[in-house]
Amino acid sequence: MVAFFPACLVVSTCLGGALIGSLFSGWIADGFGRRRAFQLCALPMIIGASTSATTKSLAGMLIGRFLVGTGMGLGPPVAALYVTEVSPASVRGTYGSFIQIATCLGLMAALLIGIPVKEIAGWWRICFWISTIPAGFLAFAMMFCAESPHWLYKQGRSADAEAEFERLLGGSPVKYAMVELSKLDRGDEADTVKLSELLYGRHFRVVYIGATLFALQQLSGINAVFYFSSSVFKSAGVPSDIANVLIGVANLSGSIIAMLLMDKLGRKVLLLWSFFGMTISMVLQVAAANTYVSGSGSLYLWLSVGGMLMFVLTFALGAGPVPGLLLPEIFPSRIRAKAMAFCMSVHWVINFFVGLLFLRLLEQLGPQLLYSIFASVCMTAVIFVKKNVMETKGKSLQEIEIALLPQG
């Protein structure tokens, strides 16, 4: 228990940093631009990982993990903003899916790098040093990337926005893209966007949809699955190393399929089938828990392992990648960065409480009831998406904004 408490504290500190980074991401992205925001998110990651690698005290580790967490919180909303604003409408979903695929590859790489930790003393410090490499590469590589034309236009830099469109699109699409931008307000007043405007102003509906999607995503049980899948596989007789590989492969496979289908089937269809598949997967987990109580070991193995892998696969098909892509699409240009920051903050808060309370709830409620609650949340998500989410496939950001917020 003594060793468990510092471990929980370190994880909680990292998630707390992520919340802070997410809260400020909108103001940083609007104030410094999407490209510089990427570079700024790499800075605390490098400093934090270096601090964690060299520290000899718990306080030093907590400071390091908090800094890494701020970078973690700042990065995802900026990435979603950037990809949404620089991608042509016809392939925006495909490009946005690369974020999820990169996340999967990063998780799998971290697992592989961490394998020698048990055998080599001090290897965990090497792992922290290694983590500074991708952060440093991000900061360096962004020097050669285009700035978001949408952000430049909001700053009144129309000539620069046109130049970046030329760099991104080339040829005739540039004039059409600039005409589309001119249909909307320049948005010079973006710095005056207040939290009250997001919560009960005319933008409430889209912010409500975005925050609810992230809440349902986290309350579906996905982080409980990622955090504690090893114990489920262990109870079914599957070694933890094999379990981690299976989870990683299922996550990556679903993400690749989502990338291929995002601009063909659309965001809404993938969300609906994803949450529905997650519902069925949790029903299988309930059935597995019942068979475990009745003593049917072989059936429990197939239901629990199969249900867990199906849950991760179907999550990666839609519930994982779509909210981060859909939200910047449906948010108006003027509030996009700050609304994204608010919704991602909801994501981190619920992530924290799910990780903190899952084991306690599992002990108090039992697996049958807890997995039934997760299944109910997923089914609620199906109904919510059906009633509230609009399809954005193939539409320009300006067309989406006009559709959701009629002018005049």
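**Working chat: surface patch, helix packing and salt bridges**

Biologist: What is the relative accessible area of Leu 365?
Modeller: Leu 365 has a relative accessible area of 35%, so this residue counts as partly exposed. Please bear in mind that the model is predicted.

Biologist: Which helix is Leu 365 found in?
Modeller: Leu 365 belongs to helix α16.

Biologist: Which residues make the nonpolar surface patch?
Modeller: The patch consists of Val 349, Phe 353, Leu 356, Leu 357, Leu 361, Leu 365, Leu 369 and Ile 373, and covers about 620 Å². Leu 365 qualifies on accessibility because 35% is over the 30% required of patch residues.

Biologist: Changing topic, at what angle do α3 and α4 pack?
Modeller: Helix α3 (residues 58–86) packs against helix α4 (residues 92–114) at about 155°, and their axes lie 9 Å apart.

Biologist: Are they roughly parallel or antiparallel?
Modeller: Helices α3 and α4 are roughly antiparallel, because angles over 145 degrees are placed in that class.

Biologist: Is the crossing left-handed or right-handed?
Modeller: The crossing of α3 and α4 is right-handed.

Biologist: On to charges: how many salt bridges are found in the whole structure?
Modeller: The search of the whole structure gives ten salt bridges.

Biologist: Which residue does Arg 167 pair with?
Modeller: Arg 167 forms a salt bridge with Glu 164, and their closest N and O atoms are 3.7 Å apart. Both residues lie in helix α7 (residues 158–168), with a spacing of three residues, about one turn of the helix. In general, an α-helix has 3.6 residues a turn, so residues three or four places apart point the same way.

Biologist: Buried or exposed, how do the two partners stand?
Modeller: Arg 167 is partly exposed at 48% relative accessibility. Glu 164, at 13%, counts as buried, because the cut-off for buried is under 20%.

Biologist: What does Asp 263 meet in a salt bridge?
Modeller: The side chain of Asp 263 meets that of Arg 267, at 2.9 Å from N to O. Asp 263 and Arg 267 are both buried.

Biologist: How many residues of α15 are buried?
Modeller: Eight of the nine residues in α15 are buried, so this helix is mostly covered. Among them are Pro 323, Leu 326, Pro 328, Glu 329 and Ile 330.

Biologist: Which residues are linked in a network of salt bridges?
Modeller: The network links Asp 30, Arg 34, Glu 85, Lys 154, Arg 336 and Lys 338.

Biologist: Finally, where is Phe 233 found?
Modeller: Phe 233 sits in helix α11 (residues 222–235). With 0% relative accessibility, Phe 233 counts as buried.

Biologist: And what separates the C-alpha atoms of Phe 233 and Met 308?
Modeller: A distance of 8.8 Å separates these C-alpha atoms, although Phe 233 and Met 308 are 75 residues apart along the chain.

Note on methods:
Residues numbered from 1 in each chain as written. Predicted model: local features only at pLDDT ≥ 70, side-chain atom pairs only at ≥ 80, totals over all residues. Heavy atoms only, no water. Patch = residues over 30% accessible without salt bridge, like charges linked within 9 Å, V, L, I, M, F, W, Y side chains within 5 Å. Areas by Shrake-Rupley, 256 points an atom, 1.4 Å probe, with all protein chains shown as cover. Salt bridge = Lys/Arg side-chain N within 4 Å of Asp/Glu carboxyl O. Helix = DSSP H or I, 4+ residues; strand = E, 2+ residues; numbered from the N terminus. Buried < 20%, exposed > 50% of the residue type's maximum accessible area, 1.4 Å probe, protein only. Axes fitted to C-alpha atoms, helices over the stretch in contact; angles between N-to-C directions. Parallel < 35°, antiparallel > 145°, perpendicular 65-115°, else oblique. Left-handed = near helix turned anticlockwise from the far one by under 90°.
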